[in-house]
Amino acid sequence: MTSMRGARTGTGLAALLALAVGGVGGCTVQPVDGDGKGRSPVHIELPGSGGPAATAPAAPVTPTAPRAPAAPTAPTAPTRRSSDPPPPVVPAPVLWGPGATGRDVREVQARLRQIGWLYDGPTGAYDELTEKTVRGFQRKRGLPVTGRTDTVTWERLRGMTREPGHWDLYLMGGQPAAAPDPRCLTGRVLCVSKESRTLRWMIDGRTVSTMAVRFGSRGTPTREGVFSVYWKSRNHWSTLYDSSMPYAMFFSGGQAVHYSSDFAARGYAGASHGCVNVRDEAAIKQLYAEVRDGDKVVVYR
């Protein structure tokens, strides 16, 4: 009795499986979740099919993280064409210009004198001559030609010159720095100061005219003392140095007061061979016309 029930039970199970799978060997079963949604199919092998008893359920698929949006591309600068107008030039800040006065203006003038661009002053006043000189300096160096000393012009000028001292700032303007030597206060005198580098033409203690001068080098110094004009030569030519000495007024051997084109061109960068050089041709022309043979010459430090 027991064996018959077991047989029927076994047969019944086989029949149910056969109906469920539609045949012997294997099948695909679609499991269902509690919410009624299907999961991935599971493959089951029946006994006797030669495969494993069952295949484990497939692992759920992990969703892919969303891709970050690409960074925006920076806009490309437009290509400049040759026909386009040049970009505007931003002018450098102006430090000093026409109408400015003071010590800083003196320094600009003193530095311009060092490199032979300015022969008068320093006066401390940014006058028309200073503006014209700055224009020439700027043009020579390819800078914007404004006549005003801007930051770029100032840095270029500083780079080409040394720091001016008291002498450069206050004693090179062709004006005496102090009262004349007492020996100049009587009679007709060419009063020459090596300290202030000036020549005063004086008559009985009154200054008639003043002009800037330079002197001999260390090897050929201008002699100091009291002398007198012993010879005047309007178009003198030095055979010793093969050079022109216009408006020469000799006072000590071969030393004379005369016009110097080299002094006019190079300023104090050069020196004479002992003569007293004058660079203002109009001034010495007038002086030459007034001075007489026998007039006193005083050279002092």
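Analyst: Happy to. Val-226 has a relative accessibility of 44%, so this residue counts as partly exposed; the class lies between buried (under 20% relative accessible area) and exposed (over 50%), using a 1.4 Å probe and protein chains only. This is a predicted model: local features need pLDDT of at least 70, side-chain atom pairs count only at pLDDT 80 or more, and totals for chains, interfaces and linings use all residues. Residues are numbered from 1 along each chain as its sequence is written, and side-chain values use heavy atoms, with hydrogens and water left out.

User: Where is the place of Val-226 in the secondary structure?

Analyst: Strands are DSSP runs of E with at least two residues, and helices are runs of H or I with at least four, numbered from the N terminus. Val-226 belongs to strand S8, and Val-298 in S13 stands opposite Val-226.

User: How do S8 and S13 run, and how many bridges join them?

Analyst: Strands of a sheet pair through backbone hydrogen bonds, either parallel or antiparallel. Here two strands count as paired if DSSP finds at least two bridges between them. S8 and S13 (residues 296–300) run antiparallel and are joined by four bridges.

User: What is the strand order in the open sheet?

Analyst: The order of the nine strands is S8-S13-S5-S6-S7-S12-S11-S10-S9, with mixed pairing. S8 (225–228) and S9 (231–238) are at the edges with a single partner strand each, so one side of each has no neighbour in the sheet. From one strand to the next, the twist averages 30°.

User: Which helix packs on the sheet?

Analyst: That is H7 (residues 281–290), whose contacts include S5, S6 and S7, and whose direction makes about 45° with that of S10. Such axes are lines fitted to C-alpha atoms, for helices over the stretch in contact, and angles run from 0 to 180 degrees between N-to-C directions.

User: And the whole chain?

Analyst: The chain has seven helices and 13 strands, and 35% of its 301 residues are buried. Among contacts between residues at least 6 apart in sequence, 51% join residues at least 24 apart.

Note on methods:
Contact means heavy atoms within 4.5 Å.
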